[in-house]
Amino acid sequence: MAIVAQQGIPGEELMAAILDSWPILIFIGMSLSLSGIVMWVLDHRSNSEEFPEFFLAEYLKLSGGCCYHDNSWVPRSIGGRLFGVVWINVGLVILAIFMGMITASLSSNGVEQVNNLYGMPVAVMNGSAEQQLAILQNAEVHVKRSFDELYKSVQSGKPV
């Protein structure tokens with residue numbers, strides 16, 4: 001049985017999913033700021049010529065990714081290096097949680113369960129169990145003789 005739903009504006013669901021994930025976005029920003037401060041504290045004393053007096057440079061380095069050609073982005077102290085390894089793994093987990101939240105939101109928005117077909121236009125194969133179900137629930141039944149015909153009606157967005 002094919003039920004064609006109205007489509008919204010392209011990208012609207014994705015933007016809504018991202019905006020619904022605002023708590024994790026705030027957490028990402030706060031943890032990124034805190035990690036910049038921690039990295040600056042750990043490496044400023046042992047590498048003061050490459051780490052300026054202000055932690056903002058370290059924040060920008062951590063948030064902007066890494067440049068492989070610039071050695072000033074590499075922490076010199078043991079504590080800074082250990083923190084960098086830990087932060088990379090924590091960042092991967094945080095990013096995976098964020099992506100999981102968006103994926104779950106998109107998949108729950110895209111799949112709706114229809115329990116009542118009363119008055120809904122429905123395209124079904126002739127003689128199928130779905131045809132019997134649609135008739136029992138008083139749907140507007142449009143019987144198709146082949147899968148190609150059913151596919152074309154779903155593709156066009158109209159069950160007729």
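## Overall architecture

Let's start with the secondary structure: the protein has 6 helices and 2 strands. Read from the N terminus, the elements follow the order α-α-α-α-β-α-β-α. Please keep in mind that this is a predicted model.

The chain holds 160 residues, of which 25% are buried. Its accessible surface amounts to about 11200 Å², and carbon and sulfur atoms account for 64% of that area. As for how the chain meets itself, take the contacts between residues at least 6 apart in sequence: 46% of them join residues at least 24 apart.

## The nonpolar core

The largest nonpolar core consists of 5 residues, namely Leu117, Val122, Val124, Ala134 and Ala139. In soluble globular proteins, nonpolar side chains tend to be buried together.

Alanine 134 is a handy residue from which to explore this region. Setting aside residues up to four places away in sequence, alanine 134 touches Leu117, Val122, Ala139 and Val141. Leu117, Val122 and Ala139 are also listed among the core residues.

Proline 121 sits in strand β1, which spans residues 121-125. With a relative accessibility of 38%, proline 121 is classed as partly exposed, because that value falls between the 20% and 50% cut-offs.

Asparagine 138 belongs to the loop that links α5 (129-136) with β2 (140-144). Here is a backbone detail worth a look: asparagine 138 is not a glycine, yet its phi is positive, at about 55°. Asparagine 138 is partly exposed too, with a relative accessible area of 49%. Proline 121 and asparagine 138 are 17 residues apart along the chain, and their C-alpha atoms are separated by 10.0 Å.

Helix α1 covers residues 12-20 and includes methionine 15. This methionine 15 is partly exposed, its relative accessible area being 46%. Leucine 106 is 91 residues away from methionine 15 along the chain, while the C-alpha atoms of the two are 9.9 Å apart.

Helix α2 runs over residues 22-44, and serine 35 is found in it. Methionine 30 lies in helix α2 as well. The side chain of serine 35 reaches back to the backbone oxygen of leucine 32, at 2.8 Å.

Methionine 30 also takes part in a nonpolar surface patch with Trp22 and Ile26. Together, these three residues present about 360 Å² of accessible area.

Our last stop is serine 77, in the loop between α3 (56-63) and α4 (78-110). Its relative accessibility is 13%, so serine 77 counts as buried, since the cut-off for that class is under 20%.

The side chain of serine 77 reaches the backbone nitrogen of glycine 80 at 3.0 Å. Beyond its neighbours within four places in sequence, serine 77 is in contact with Leu42, Asp43 and Ser46.

Note on methods:
Residues are numbered from 1 along each chain as its sequence is written. This is a predicted model: local features need pLDDT of at least 70, side-chain atom pairs count only at pLDDT 80 or more; totals for chains, interfaces and linings use all residues. Side-chain values use heavy atoms; hydrogens and water are left out. A nonpolar core is a set of buried Ala, Val, Leu, Ile, Met, Phe, Trp, Tyr and Cys residues joined through side-chain atoms within 4.5 Å. Buried means under 20% relative accessible area, exposed over 50%, partly exposed in between (1.4 Å probe, protein chains only). Contact means heavy atoms within 4.5 Å. Helices (H or I, at least four residues) and strands (E, at least two) are DSSP runs, numbered from the N terminus. A polar contact is a pair of N or O atoms within 3.5 Å; within protein, one must be able to donate a hydrogen and the other to accept it, and residues adjacent in sequence count only if both atoms are side-chain atoms. Patches are made of residues with over 30% relative accessible area and no salt bridge: like charges are joined within 9 Å, nonpolar side chains (Val, Leu, Ile, Met, Phe, Trp, Tyr) within 5 Å. Accessible areas come from the Shrake-Rupley method with a 1.4 Å probe; for residues, only the protein chains shown count as cover. A salt bridge is a side-chain nitrogen of Lys or Arg within 4 Å of a carboxyl oxygen of Asp or Glu.
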